[in-house]
Amino acid sequence: MRNLSLKKVALMTCWALFLSFSMLYGQSTINVGIMLPLSGDAAPYGIGARKGAELAYEELGLKERGVNLVFEDSQCDGKSAVNAINKLINVEKVVAIVGELCSSATLAVAPIAEKNQVVLISPASTSPKITDSGDYIFRTVPTDARQGVFAANLLKKEKVKRLAILFPNEDYGKGFSGILSDTFEKIGGEVVASESFERGSTDLRTQLTKIKSRRPDALFLISNSPDAAIAALRQIRELRLRVRLFGSEGLKSKEIASANGANGLIITSVSPGTKKFNDAHKKFFGEEAGPFSAQAYDAIASINQAIEKRARTGEAIKNALYDMSFKGASGAIKFDKNGDVGGSYDIYVVKRGKFVER
């Protein structure tokens with residue numbers, strides 16, 4: 001055989017994989033679903049995750065291999081997510097799905113993915129309940145069982161003694177607050193108030209008034225709704241609730257950092273992505289990566305590797321995911337027997353309208 005250029009060899013390899021994919025799936029293209037909140041109060045996070053998925057799609061050359069991304073707006077809502085996943089599975093015939101963002105929505109669709117034996121990888125759902133949601137359910141973000149412990153130990157290091165927790169009445173908020181509360185008390189702290197609010201609510205005065213009456217020295221705000229978080233920060237000032245402010249990764253957005261009352265807010269957060277990933281994101285989109293963008297990139301990268309392995313060996317996508325291990329945009333990706341990944345956490349503080357790593 002004559003010597004071929006590396007470019008020609010790469011093109012031939014892509015074409016061979018494409019033919020393999022087509023024969024295995026009986027279709028000219030392979031559809032991968034992306035199910036995220038692209039409208040509603042969680043849209044800033046969903047759009048950030050979508051961009052991470054799109055960057056992976058471009059960098060990994062999936063279009064050239066006959067892979068197509070099919071987007072559905074699941075609005076961080078259980079009912080919308082159920083409609084979205086049914087369409088992706090039954091109409092679009094996807095081989096795998098990236099989503100959902102919010103834990104309640106992911107838990108609502110997990111039984112459907114499991115029943116249809118379609119892999120579902122969430123880039124952001126952190127509820128501990130997801131660990132036991134099925135063999136086809138994965139995530140590229142660590143469980144709050146880890147972050148709640150990390151946050152509790154941070155509070156102790158910051159010499160917090162009397163803690164109040166404000167959280168959304170949904171799986172994400174209840175899971176995180178429960179572990180945070182239990183761990184903080186086990187290591188010697190006191191949780192003097194724990195108040196919930198309905199997702200997206202912008203009137204939190206009743207909860208904050210109760211918290212103020214308990215005289216905490218710190219308030220930990222859990223939220224993945226920018227509108228609710230911004231309202232909480234404003235109303236804390238209006239009620240003259242003088243506490244140190246801490247929060248979850250769901251607060252890490254430019255809208256919240258620039259809000260009145262955010263200065264000095266300390267949050268715990270999963271990895272924002274490697275320097276290589278963030279440089280590529282800024283070059284491709286002209287802006288810094290948003291929350292969960294790196295995790296969405298890794299979800300696509302995981303599916304890509306699993307599809308490639310299936311093309312070579314015929315191994316099911318689910319099984320290939322359990323076997324793989326690689327260095328991703330958000331860190332080391334190695335799924336355990338429950339489809340969970342490990343992970344470390346960073347600490348950020350708001351200074352002059354921006355989150356700065358501490």
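Two strands count as paired if DSSP finds at least two bridges between them. Strands are DSSP runs of E, at least two residues, and helices are runs of H or I, at least four, numbered from the N terminus.

Some ground rules. This is a predicted model: local features need pLDDT of at least 70, side-chain atom pairs count only at pLDDT 80 or more, and totals for chains, interfaces and linings use all residues. Residues are numbered from 1 along each chain as its sequence is written, and side-chain values use heavy atoms, with hydrogens and water left out.

Take β8 and β9. Four bridges join β8 (residues 218-221) to β9 (residues 244-247), and the two run parallel. A218 has R244 in β9 as its bridge partner.

Now helix α7, residues 205-213. It packs on the sheet and touches β6, β7 and β8, where contact means heavy atoms within 4.5 Å. Its direction makes about 170 degrees with that of β7. Angles run from 0 to 180 degrees between N-to-C directions; axes are lines fitted to C-alpha atoms, for helices over the stretch in contact.

What is the strand order of the open seven-stranded sheet? It is β7-β6-β8-β9-β10-β13-β14, with mixed pairing. β7 (190-197) and β14 (354-357) each have a single partner strand, so one side of each lacks a neighbour in the sheet.

Next, the open sheet of five strands. The order is β2-β1-β3-β4-β5, and pairing is parallel. Its edge strands are β2 (67-73) and β5 (137-139). Seven bridges join β1 (residues 30-36) to β2. I30 stands opposite V67 in β2. Helix α2 (residues 43-59) lies across β1 and β2, at about 175 degrees to β2.
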